[in-house]
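The following report examines one protein chain for a reader who is new to structural description. Please keep the sequence and the structure in view while reading.

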Amino acid sequence: YPDNELEVDGLVRTWAMYVPQAHDGMTPVPLWLHFHGGAQVASTTEVLRVAADEGFVLAAPQGIRNQGGSDKTWRWGDEDAAIDFTAANPDIALTDALIDQIGAELCVDLARVYAAGWSSGAEASSVLACTLDDRIAAVAPVAGIYDLGAACEAERAVPHLSLIGTDDIWFAGLAPVAWSEHPIPQALASGHHIDRTAAVAVRHGCEPDPVVEVVMDGVERLTWSCPPGADVALIVIEDGVHAWQPGWQAVGDWYDTSEAVWEFFERHPMPE
């Protein structure tokens, strides 16, 4: 539950946090920032099992933007307001301040700060790859991704791992016409989730065509050939829905999103 508080630019913001029991305050540990979906309460539940096993700090900030009658939403993607992709955006300012706050309280390895999220929280991690590239080592948008195109002014190509299910009603087959009146730059309206990931790869200087491999029955991984430190990959889950799978406990043959994301993060600390 988001019961930690921090005032940022006059706004009191909250977040939930998990600290591994093995953390001794002297050995630097990674920090995973986890962004919830729209109209949800921030929670560490989805990733808690992996955080406990792997020993990293998990922080889940709470969104507050009101959108379409629902609160607890992030401040990008709004149809009723201009989008600010600078440090003046309260959610970007929150993320920046949160890294400072947690880094002051705990022994955090600032070369291993990662951002992941689901749905609109996935879009959050996409934005942070362009706005806090000096602080975020790698990102993992799940069931949602932005390609900011020319609006991305990052000085380094932040490694991306995105995940999508073929039965995700929000993104599987999303047509640009659905975004025709959206204030997001047209570069974001590339349609299909795969197209958006491919656009990130092109922006990173990767080869245009990915290599496709079968990870397990019903799960494919698309990997682009990229310059060192600029990796881009996409995991496609057959029959996967708009969800972070499998959440707290692995069920049946569901793909373990948290494990996949952590494996990617582990391979991508911040360049020296």
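## A network of charged side chains

In this predicted model, a network of salt bridges links Asp-96, Asp-100 and Arg-135. Side chains of opposite charge can pair when their charged atoms come close. Arg-135 lies in the loop between α3 and β8 (138-142), whereas Asp-96 belongs to helix α2, so the pair ties together parts that are 39 residues apart in sequence.

## Other salt bridges

How many salt bridges does the structure hold? The number is 5. One of them is formed by the side chains of Asp-91 and Arg-13, with a distance of 2.8 Å from N to O. This pair links distant parts of the chain: Asp-91 is in helix α2 (residues 90-105) and Arg-13 is in strand β2, 78 residues apart. Both Asp-91 and Arg-13 are buried.

A further salt bridge joins the side chains of Asp-109 and Arg-112, at 2.7 Å from N to O. Arg-112 has a relative accessibility of 27% and so counts as partly exposed.

## A patch of negative charge

Charged residues also gather on the surface. Asp-167, Asp-217, Glu-220, Glu-238 and Asp-239 form a patch of negative charge there. One of these residues, Glu-220, is located in strand β11, which covers residues 219-223. With a relative accessible area of 39%, Glu-220 is partly exposed.

## The chain as a whole

The chain contains 5 helices and 12 strands. Of its 272 residues, 52% are buried. The accessible surface of the chain comes to about 11900 Å², and carbon and sulfur atoms account for 50% of that area.

Contacts between residues at least 6 apart in sequence show how the chain is folded upon itself. Among these contacts, 63% join residues at least 24 apart.

Gln-245 is placed in the loop between β12 (232-237) and α5 (257-266). Its relative accessibility is 6%, so Gln-245 counts as buried. When neighbours within four places in sequence are left aside, Gln-245 is in contact with Ile-237, Gly-240, Trp-254, Tyr-255, Asp-256, Thr-257 and Ser-258. Gln-245 and Val-142 are 103 residues apart in sequence, and their C-alpha atoms are 9.6 Å apart in space.

Glu-54 is part of helix α1, which spans residues 45-54. At a relative accessibility of 37%, Glu-54 counts as partly exposed. Which residues does Glu-54 touch, not counting those up to four places away in sequence? They are Trp-262 and Glu-266. The C-alpha atoms of Glu-54 and Pro-20 are separated by 8.6 Å, although the two residues are 34 residues apart along the chain.

## Two residues with positive phi

The backbone angle phi is positive in two residues described here. For Asp-9, a residue other than glycine, phi is near 55°. Asp-9 is found in the loop between β1 (4-8) and β2 (11-18). Asp-9 has a relative accessible area of 67% and is therefore exposed, since the term applies to values over 50%.

Ser-119 is likewise not a glycine, and its phi is about 60°. This residue lies in the loop between β7 (108-118) and α3 (120-131). Is Ser-119 buried or exposed? With a relative accessibility of 14%, Ser-119 counts as buried. Thus Asp-9 is exposed, whereas Ser-119 is buried.

Definitions and conventions
Residues are numbered from 1 along each chain as its sequence is written. This is a predicted model: local features need pLDDT of at least 70, side-chain atom pairs count only at pLDDT 80 or more; totals for chains, interfaces and linings use all residues. Side-chain values use heavy atoms; hydrogens and water are left out. Patches are made of residues with over 30% relative accessible area and no salt bridge: like charges are joined within 9 Å, nonpolar side chains (Val, Leu, Ile, Met, Phe, Trp, Tyr) within 5 Å. Accessible areas come from the Shrake-Rupley method with a 1.4 Å probe; for residues, only the protein chains shown count as cover. A salt bridge is a side-chain nitrogen of Lys or Arg within 4 Å of a carboxyl oxygen of Asp or Glu. Lys and Arg count as positive and Asp and Glu as negative; His and the chain ends are not counted. The place of a charge is taken as NZ of Lys, CZ of Arg, CG of Asp or CD of Glu. Helices (H or I, at least four residues) and strands (E, at least two) are DSSP runs, numbered from the N terminus. Buried means under 20% relative accessible area, exposed over 50%, partly exposed in between (1.4 Å probe, protein chains only). Contact means heavy atoms within 4.5 Å.
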